[in-house]
Amino acid sequence: MTLHRTALAAAALALALPLAQAQTGKLKVGLMLPYTGTFAALGNAIENGFRLHVAEQGGKLGGREIEIVKVDDESDPAKATDNINKLIKRDSVDVVVGTVHSGVAMAMAKVAKDTGTMLIVPNAGADAITGPMCAPNIFRSSFSNWQPGYAAGEVVAKKGHKNVVTITWKYAAGDESVKGFKEAFEKGGGKVTKELSLPFPNVEFQALLTEIAAAKPDAVYTFFAGGGAVKFVKDYAAAGLKGKIPLYGAGFLTDGTLEAQGADADGLLTTLHYADGLDTPRDKTFRLAYAKTYKLQPDVYAMQGYDAAQMLGIGLAAAKGDITKKAEFGAALRKAKIDSPRGAFTISASHNPVQDLYLRQVVGKENKVIGIASKALPDPGRGCRM
Ligand code: BEZ
């Protein structure tokens, strides 16, 4: 009888061991980001930020040593499902962090939802991710496309502009940024008179700039990012529009791009949840550490990567290192005040940051903060049922 009990106990222990080990061994993080193409610099900055926070925690989050597996998603939605499935099925990652491009991120969110894999989005603003596609295992450390667009709409209406032309890439991020802009701008008494677009990642802007010159609007609102943003700002100036028709944008237009845009970006006004010159102890510490580690200045993407790691750490600590405890992980994030370089933020019921949207102006090589365009702006989370 005693022997029988001992055997049973030993068998139970053997069964329990792999689980116990899974909670204390390495946590495999799949980083799915663009390392090539127009968003390559954005992917690298996110990885740098993520690694910086992990290093500051001694290489561990929630008591688990972090191991990183990477995939280049090329900002290609057609390859997105295969890429995330490789991370989950071939590499057996415990959590996926990605990505930049909204179209790729929506494919990732579908797989994460279907498989129950934890997903933290460190950039892509696709409204659907914290809207109709929201899920207990999907979180965002960045923004929704609606947020900077809506804040810009309020700013441009307050400036007294009445008639605005918009120009962007034709995909979720561009469409939703313009939609957010239009919602606030038209509420403030303005009218979007023309919506121009070109396919992602096309940068042949000339014909559209000629259309803008002919339309003579009071102002232009735009969403471009990365390499495309560099070229757009340069082409806008070269077409003789700078100084004639004020150009406003979601802050991605001038974040991480000023070195390449030079004087053509000078004076541009944009809205974003990060800025230069915030002058808070938290941001200064982050910037110093980032500059020391990478010999580079951080941008919004680096900050979002850093905060993705902070969020993973908060959730994982509450789940005692067991990422499968989704209820504990999620509850901790929904009640957290995240001590971000951007300023403290909270996570909404649909898992998107509730955060200040800054008004910034390009001065030399900086996006200088000149005010808060929208205080603690929550994404409306339209269509989210959790
Ligand atoms: C997006 O596709 O959601 C996106 C890409 C770059 C910057 C901001 C948003």
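Residues count from 1 along each chain as its sequence is written, and side-chain values use heavy atoms, with hydrogens and water left out. Because this is a predicted model, local features need pLDDT of at least 70 and side-chain atom pairs count only at pLDDT 80 or more, while totals for chains, interfaces and linings use all residues.

**Stop 1: confidence**

Colour the chain by pLDDT, the predictor's confidence in each residue, from 0 to 100. The chain mean is 94. Of its residues, 94% reach 70 or more. Now select residues 1-22, where pLDDT stays under 50. For that stretch the model has one contact beyond four places in sequence. Contact means heavy atoms within 4.5 Å.

**Stop 2: the disulfide**

Select Cys 134 and Cys 384. They are joined by a disulfide, S to S 2.2 Å. The cut-off for a disulfide is a pair of cysteine sulfur atoms within 2.5 Å. The structure holds one. Which parts of the chain does the pair tie together? Cys 134 lies in the loop between β5 (118-121) and β6 (138-140), and Cys 384 in the segment after β14 (366-377), so the link ties parts 250 residues apart in sequence. Helix and strand names follow DSSP runs (helices H or I, at least four residues; strands E, at least two), numbered from the N terminus. Check the torsion about the S-S bond: 90 degrees, right-handed. Both Cys 134 and Cys 384 are buried. Buried means under 20% relative accessible area, exposed over 50%, and partly exposed in between (1.4 Å probe, protein chains only).

**Stop 3: the open sheet**

Show the strands β1 to β6. Six strands form an open sheet in the order β2-β3-β1-β4-β5-β6, with mixed pairing. β2 (60-61) and β6 stand at the edges with a single partner strand each, so one side of each has no neighbour in the sheet. Strands count as paired if DSSP finds at least two bridges between them. Zoom to β4 (residues 95-97): three bridges join it to β5, and the two run parallel. Val 96 stands opposite Leu 119 in β5.

**Stop 4: Ser 75**

Move to Ser 75, in the loop between β3 (64-72) and α3 (77-90). Is Ser 75 buried or exposed? Ser 75 is buried, at a relative accessible area of 7%. Display its contacts, leaving aside neighbours within four places in sequence: Pro 34, Phe 39, His 101, Val 104 and Phe 200.

**Stop 5: salt bridges**

A search of the whole structure finds 22 salt bridges. The criterion is a side-chain nitrogen of Lys or Arg within 4 Å of a carboxyl oxygen of Asp or Glu.

- Lys 70 and Glu 47 meet at 3.0 Å, N to O. The pair links distant parts of the chain, with Lys 70 in strand β3 and Glu 47 in helix α2 (residues 40-56), 23 residues apart. Lys 70 is partly exposed at 43% relative accessibility, whereas Glu 47 is buried at 7%.
- Lys 231 and Asp 235 meet at 2.7 Å, N to O. They sit four residues apart in helix α8 (residues 226-238), so about one helical turn separates them. Lys 231 is partly exposed at 30%; Asp 235 is buried at 15%.
- Asp 339 pairs with Arg 282, the closest N and O atoms being 3.3 Å apart. Asp 339 lies in the loop between α12 (326-335) and β12 (346-347) and Arg 282 in helix α10 (residues 281-294), so the pair ties together parts 57 residues apart in sequence. Asp 339 is partly exposed at 45%.

**Stop 6: helix α6**

Select residues 172-187, the 16 residues of α6. The expected span is 1.5 Å times one less than the number of residues. That gives 22 Å, and the end C-alpha atoms are 22 Å apart, in agreement. Its buried residues include Ala 172, Glu 176, Phe 181 and Phe 185. The buried residues pack against α4 (102-115), α5 (146-158), β7 (163-169), β8 (191-198), β9 (219-223) and β10 (247-250).

Now pick Lys 179, also in α6. Lys 179 is exposed, at 62% relative accessible area. From Lys 179 to Thr 166 the C-alpha distance is 10.0 Å, across 13 residues of sequence. End on Gly 189, which follows α6 and has a positive phi, near 105 degrees.
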